[in-house]
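Hi,

Here is the structure I promised to pass on.

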Amino acid sequence: MKILHTSDWHLGRTLCGRRRHEEFAAFLEWLAGIIEAHAIDALLVAGDLFDTSTPGNPAQALYYRFLCRVAASPCRHVVVVAGNHDSPAFLEAPRELLKALDVHVVGAACEDPADEVLVLHDAAGAPELIVCAVPYLRERDIRQVTPGESVRDKERKLLEGVRGHYAAVADAALLRREALAAEVPIVGMGHLFTAGGETVEGDGVRDLYVGSLAHVSPGILPACFDYLALGHLHLPQTVNGRDNARYSGSPLAMGFGEACQSKSLCLVELNAAGARVQLIGVPVFRRLERVRGDWEAVSARIGELAGGGFDGWVEVVYEGGEVVGGLWRRLDEMTEGRPLEILRVRNTRLTEQVLSPLHESETLGDLDVDEVFRRCLDLHEMPGPQRPELTRAYRETLAALAEEGWDGSAGGGGR
């Protein structure tokens with residue numbers, strides 16, 4: 001049979017405050033077409049369908065319309081597990097209704113791990129696939145807190161909890177297959193961070209549990225799975241070099257750090273010889289680009305993009321040593337009337353020099369907005385007579401921003 005493995009849709013996600021509804025709609029329309037064109041028998045979605053636990057109505061509408069379309073296609077089964085961004089209760093609320101469409105949802109770890117084992121049947125009613133649908137395992141699901149325990153104790157308990165849960169689900173699947181008296185393939189699902197997994201800066205992937213604890217060793221995952229479909233990491237990759245254990249990755253670039261990634265889905269063909277995996281490239285529905293360097297490099301690249309009709313979103317990372325006055329204004333002038341849109345400008349010179357700590361223990365949270373501005377004046381060697389007028393104008397700007405709801409913290413962002 002043919003299985004399509006995907007994950008990390010993050011429906012409802014924004015980028016620099018911009019909604020991405022059209023991109024998500026285009027992706028799901030394309031995905032439905034792929035399912036029909038490749039005669040997919042089962043679709044597996046390994047978590048993080050939504051970007052937040054309380055998705056808005058537009059994101060929900062996309063999700064349910066897609067499920068209805070797939071239910072009307074030749075695809076016989078859809079299996080969805082929750083990720084760390086998802087609300088288990090929200091995903092499971094329509095579970096009984098979705099079962100009528102052959103859509104199976106597991107939002108939270110079950111008290112009996114055997115309840116996470118699904119036996120899927122073909123059109124004639126014969127069992128054709130066993131799915132171990134393990135959702136994101138929250139800390140409370142897999143370990144008990146002991147007063148006074150050390151960080152090492154927490155890590156050990158978390159890893160033991162993950163190992164124990166997957167082992168229990170795998171054992172239940174093997175017992176179920178034995179009862180069926182048929183060599184039905186077993187596929188595992190999960191949403192976790194395996195040790196050695198690759199991430200990129202700005203991809204939005206969160207460490208699970210406490211800090212970087214419980215990056216699960218691939219060796220603790222059951223060996224009985226004919227294929228292991230994982231979610232959480234946005235970069236498509238195998239697990240420990242195993243071709244039949246994979247992260248499908250996010251289908252859309254979730255941030256500018258992912259702008260250069262090639263996105264894909266995993267088409268898995270299961271037969272007596274095992275699992276054969278083919279990657280299906282996902283089209284780019286909106287182009288993203290990160291432009292970095294000094295002013296000469298940045299202006300040259302922005303000129304190339306604007307002149308070439310680039311229709312997408314850009315992040316500029318200014319890394320030059322010189323002070324460039326009116327950086328946003330200059331960039332706006334270069335892109336005026338063009339489809340290219342600059343969503344964010346990051347000035348690393350200000351970050352590294354204006355906000356550089358005076359001592360090792362100082363953090364940005366220790367500074368107020370007046371101190372940040374004073375350091376900026378010092379950095380630019382602003383003459384004494386000009387400082388009072390500049391400071392007055394600065395405080396007037398802060399007052400205007402406060403009226404618009406800005407919180408006044410040193411870490412506040414914006415143009």
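**What I found**

The largest nonpolar core has 36 residues, and Leu4, Trp9, Leu31, Ile35, Tyr63 and Phe66 are those with the most contacts inside it. A nonpolar core here is a set of buried Ala, Val, Leu, Ile, Met, Phe, Trp, Tyr and Cys residues joined through side-chain atoms within 4.5 Å. Buried means under 20% relative accessible area, exposed means over 50%, and partly exposed is in between (1.4 Å probe, protein chains only).

Before going on, some ground rules. This is a predicted model, where local features need pLDDT of at least 70 and side-chain atom pairs count only at pLDDT 80 or more, while totals for chains, interfaces and linings use all residues. Residues are numbered from 1 along each chain as its sequence is written, and side-chain values use heavy atoms, with hydrogens and water left out.

Back to that core: helix 1 (21-37) gives the most to it, with 8 residues. (Helices are DSSP runs of H or I with at least four residues, strands are runs of E with at least two, and both are numbered from the N terminus.) Ile35 is in contact (heavy atoms within 4.5 Å) with residues including Leu4, Leu43, Phe66 and Val70, leaving aside its neighbours within four places in sequence. Another core, of 28 residues, lies apart from this one, and Phe193 and Leu228 are among its residues.

Now the aromatic rings. The whole structure has 7 aromatic pairs. Rings of Phe, Tyr and Trp (its six-membered ring) pair if their centres lie within 6.5 Å; planes under 30 degrees apart count as stacked, over 60 as edge-to-face and the rest as tilted. Trp9 and Phe66 have ring centres 5.5 Å apart and planes at 90 degrees, so they are edge-to-face. Trp9 sits in the loop between strand 1 (2-6) and strand 2 (14-15), whereas Phe66 is in helix 2, 57 residues apart. Both Trp9 and Phe66 are buried. Phe373 and Tyr394 make a stacked pair, because their ring centres are 3.9 Å apart and their planes are at 5 degrees. Phe373 belongs to helix 10 (residues 369-379) and Tyr394 to helix 11 (residues 387-403).

Finally, which residues of helix 8 (residues 327-335) are buried? They are Leu327, Trp328, Leu331 and Thr335. Seen down the helix axis, the buried residues of helix 8 fall within an arc of 95 degrees (taken from the directions from the axis to the C-beta atoms), so they line one face. Helix 7 (295-307) is one of the elements covering them.

Cheers
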